[in-house]
Amino acid sequence: MKRLLPVLALSLVSLAAHAQQRPLRVIVPFSAGGASDTYARIAAVKITEQTGRPIIVENRTGAGGRIAWETAAKAAPDGTTAALIDATYAMLPGLFGKLPFEGDLVPSALVCQTPFVITVNAGSKWKTLADLIAEARAKPGKLNFGSSGIGGVNHVVSELFKVSARVDIAHIPYKGMSDASVALQAGQIDLIVTASPTALGPIRGGKARGLAVSTAQRSAALPDVPTAKEQGVDYVATNWFGFAFPKGTPKEAVAALHDQVVRAISSPDVREKLLATGAEASSFTPEEFALFVQDDTRRWTELIKASGIKVEP
């Protein structure tokens, strides 16, 4: 038996090395053109350019990401299938309880993070976050915010803002953040808390005003928008995007993709592309990324339960 162990270890290393030369399928849970798809493709194109390894991005939409992540979790753990995971992935346990793929995806590499932006109409009387909070506290339940739907990322992070700012603001769900953004610009709702890719266009186009970003430091894409913490509100949250493999994938394959992603996002052209969408390149080791996902999952689960957010299974 002792002789078999080195042979088995060598076989796993050989399998991982072979897998790194075969095409990598990356399953993305949302439609083409969205943030998850965009960041997966930016990284994939650069990795292929740098290593020659083909990467095929496959969009598997539906059920808020659950279809894609279950598909990836059930794939052969041979290093040839990965999934793009994001903050939505960390929110699902709080929204749906036990998931069929829970614990079956192993984080490998973080690509980038984006801030959320507390955004109001360009003609709004609220010039600062303090202005908005003061009126919200003076008129509990009278102000409202739009989101991409009940239980969506923007709904959940807006609930965190409410808790952090100690305000009561009504929720108006839309079919997507593009619809909510249009409603904001038309003056039909008071505010949205949206990821920077959605906020950048309206803010730069003079149709919306950013009152605060949710990151610990100001965003390079919106340098004139202060953080919430600068304005006395302990509101820190990011949307993040990275790759994960099915449980059981050889560690060598997990580490190899991590190294390839780190190299890709270190390229000036990739950083420029990310920054153009309001994202900033970020990197953790696979172990750090796994702990990050665990902590984010715990945090969002506690908030979702405390806020009483309920979604249809």
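Which residue in β9 is the bridge partner of Cys112? I looked it up: Phe241 is the partner of Cys112 in β9.

**Ground rules.** I am working on a predicted model, where local features need pLDDT of at least 70, side-chain atom pairs count only at pLDDT 80 or more, and totals for chains, interfaces and linings use all residues. Residues are numbered from 1 along each chain as its sequence is written, and side-chain values use heavy atoms, with hydrogens and water left out.

**Strand β4.** I took helices (H or I, at least four residues) and strands (E, at least two) as DSSP runs, numbered from the N terminus. Two strands pair if DSSP finds at least two bridges between them. β4 and β9 run antiparallel, joined by nine bridges. I then checked β7 (residues 191-195): it pairs antiparallel with β4 over five bridges. There Thr119 stands opposite Ile192. β8 (residues 208-213) is also antiparallel to β4, with five bridges. Val117 faces Val213 in that strand. β10 (residues 280-281) pairs with β4 in the antiparallel sense over two bridges, and Gln113 stands opposite Glu280.

Next I checked burial (buried is under 20% relative accessible area, exposed over 50%, partly exposed in between; 1.4 Å probe, protein chains only). In β4, 16 of the 17 residues are buried, so the strand is largely enclosed by the rest of the structure.

**Helix α3.** I listed the buried residues of α3 (residues 66-73): Ala68, Trp69, Ala72 and Ala73. Why are they on the same side of α3? Because they cover an arc of only 130 degrees around the axis, taken from the directions from the helix axis to the C-beta atoms. They pack against β1 (24-28), β3 (81-86), α4 (87-96), β4 (105-121) and β9 (238-246); contact means heavy atoms within 4.5 Å.

**Largest pocket.** I noted a volume of about 750 Å³. A pocket here, on a 1 Å grid over the protein atoms alone, is an open set with protein on both sides within 12 Å along at least five of seven lines; lining residues have an atom within 4 Å of a point. Of the 33 lining residues, the closest to the centre are Phe30, Asp86, Thr88, Asn154 and Asn239. Elements giving two or more residues to the lining are α2, α4, α6 (153-165), β7, α8 (196-204) and β9. α4 gives the most, with five residues.

Conventions
On a 1 Å grid over the protein atoms alone, a cavity is a set of points where a 1.4 Å probe fits but cannot get out, and a pocket is an open set with protein on both sides within 12 Å along at least five of seven lines; lining residues have an atom within 4 Å of a point. Grid points are joined across faces, edges and corners, and a volume is the space filled by probe spheres set on the points.
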